Amino acid sequence: MTSSNADAAATATAVHAEHYDPTTIRLHWLTAALVVTLWIAGKTIDWFAKGDPRIYARSTHIAIGLVLALVVVTRIVWRVRSGRRLPPAPGLAGSAASAMHGLLYLLLVAVVGLGITNAVIRGDVIYGWFTIPTPAPHDLPLRHLIGHLHAWGANVILIAAGLHALAGIAHQLLLKDGVLRRMVPGRES
Ligand code: HEM
Ligand code: HEM
C-alpha cells in the first residue's frame with residue numbers, strides 16, 4: 001500500500017469509528033421527518049375545500065410546525081451543551097459539509113420563525129377552537145410578504161436538505177468512508 005493510500009484508509013477508519021450520540025441522532029432524524037412532512041402538508045393545504053376542511057389542514061400544519069420549533073430548540077441546546085460534535089471529513093469536502101450544516105441550522109430557525117410569524121400575521125383560526133390575535137389585521141402586503149418568504153424558505157430548505165442527503169449517500173456508496181454511519185441509529189459507541 002502506498003503512503004497516500006494508507007493515509008486515506010486511516011482517515012476512512014477514523015471517520016468510520018466515530019458516531020453521534022443517540023440523542024443527536026434521534027433529533028436529526030425527527031427533524032428530517034418533520035421538515036418533509038411539513039413541506040408536503042404546506043403544499044397540500046389548498047387541496048382541501050374552503051371552510052372547516054382547509055382550517056383543519058392548516059391547523060395541522062401549524063401544530064406540526066410548533067412540534068418542529070420545539071425539536072429545533074432542543075437540538076440546538078443539546079448540541080451546544082452536551083451533544084457529541086465530530087470533526088468534519090478532511091479537505092474541501094469537509095469544509096463544504098460544515099458550511100451546509102450551518103446553512104441547514106440557519107434555514108431551520110428562519111423557516112420555523114417565518115411560519116410562526118405567518119400564522120400570527122394571518123390571525124389563523126386553530127381547529128375552530130380559537131383565533132390567533134393578529135397585530136396587523138388589515139396589512140395585506142405584509143401578509144403576502146411573510147407568506148412568500150415562508151414558502152420560499154420552505155423550498156430552499158428542501159433543496160438544501162436534498163443536496164445534503166445526496167452528499168451523505170455519495171459518501172456511503174462512492175467514498176465508503178463511513179460518514180453516513182455516524183448518523184445511523186444503533187451504531188453509537
Ligand atoms: C421547516 C418547517 C416548515 C416547512 C417546510 C413549511 C412549509 C410550508 C409550505 C410549503 C407552505 C405552503 C406555501 C405555499 O406554497 O403557499 C406553508 C404554509 C404555511 N405555513 Fe409552513 N412550513 C414550516 C413550518 C411552519 C411553522 C413552524 C408554522 C407555524 C407554527 C407554519 C405555518 C404556516 C402557515 C400559517 C402557512 C400558510 C397556510 C395557507 O396559506 O393556507 N409553517 N408552509
Ligand atoms: C430536512 C432534512 C435534514 C436536515 C434539516 C438535516 C440537517 C443536518 C444537520 C444540521 C447536520 C449537522 C449535525 C451537527 O453537526 O450538529 C446533519 C448531519 C448529518 N446528516 Fe442531515 N439533515 C437532513 C436529512 C438528512 C438525510 C436524508 C441524510 C441521509 C441520507 C442525512 C445525513 C446526515 C449525516 C450522515 C450527517 C453527519 C455528517 C457528518 O458527520 O459530517 N441528513 N444533518
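Visitor: How many helices and strands does the secondary structure of the chain come to?
Guide: This predicted model has 5 helices and 2 strands. Helices (H or I, at least four residues) and strands (E, at least two) are DSSP runs, numbered from the N terminus. In a predicted model such as this, local features need pLDDT of at least 70 and side-chain atom pairs count only at pLDDT 80 or more, while totals for chains, interfaces and linings use all residues. Residues are numbered from 1 along each chain as its sequence is written, and chains are lettered from A and ligands numbered from 1 in the order in which they are written.

Visitor: In what order do the elements run from the N terminus on?
Guide: The order is α-α-α-α-β-β-α.

Visitor: What pLDDT does the chain average?
Guide: The average is 90, and 89% of the residues score at least 70. The term pLDDT denotes the predictor's confidence in each residue, from 0 to 100.

Visitor: And where does pLDDT stay under 50?
Guide: That applies to residues 1-16, for which the model has 11 contacts beyond four places in sequence. Two residues are in contact if their C-beta atoms, placed from the backbone, lie within 7 Å. Where pLDDT is low, the predicted coordinates should not be read in detail.

Visitor: Turning to the ligands, which residues are closest to ligand 1?
Guide: Gly42, Gly65, Gly115, Ala151 and Ala154 are the closest of the 25 residues that surround ligand 1. A residue counts as near a molecule if its C-beta atom, placed from the backbone, lies within 6 Å of it. Helices H2, H3 (52-81), H4 and H5 each supply at least two residues of this shell.

Visitor: And which are closest to ligand 2?
Guide: Ligand 2 is surrounded by 21 residues, the closest being Ala32, Val35, His101, Ala161 and Ala165. At least two residues of its shell come from each of H2 (22-43), H4 (91-122) and H5 (140-175).

Visitor: Which residues of H5 are buried?
Guide: They are Ile146, His150, Ile157, Ala161 and His171. A residue is buried if 20 or more other C-beta atoms lie within 10 Å of its own, with C-beta atoms placed from the backbone. Ala161 is also among the residues closest to ligand 2. The cover over the buried residues of H5 includes H2 and H4.

Visitor: How many residues does H5 have, and what span does it reach?
Guide: H5 has 36 residues and reaches 51 Å from its first C-alpha to its last, close to the 52 Å expected at 1.5 Å a residue. The expected span is 1.5 Å times one less than the number of residues. Just after H5, Lys176 takes a positive phi of about 50 degrees.

Note on methods
A residue is buried if 20 or more other C-beta atoms lie within 10 Å of its own, exposed if 12 or fewer, and partly exposed in between; C-beta atoms are placed from the backbone.
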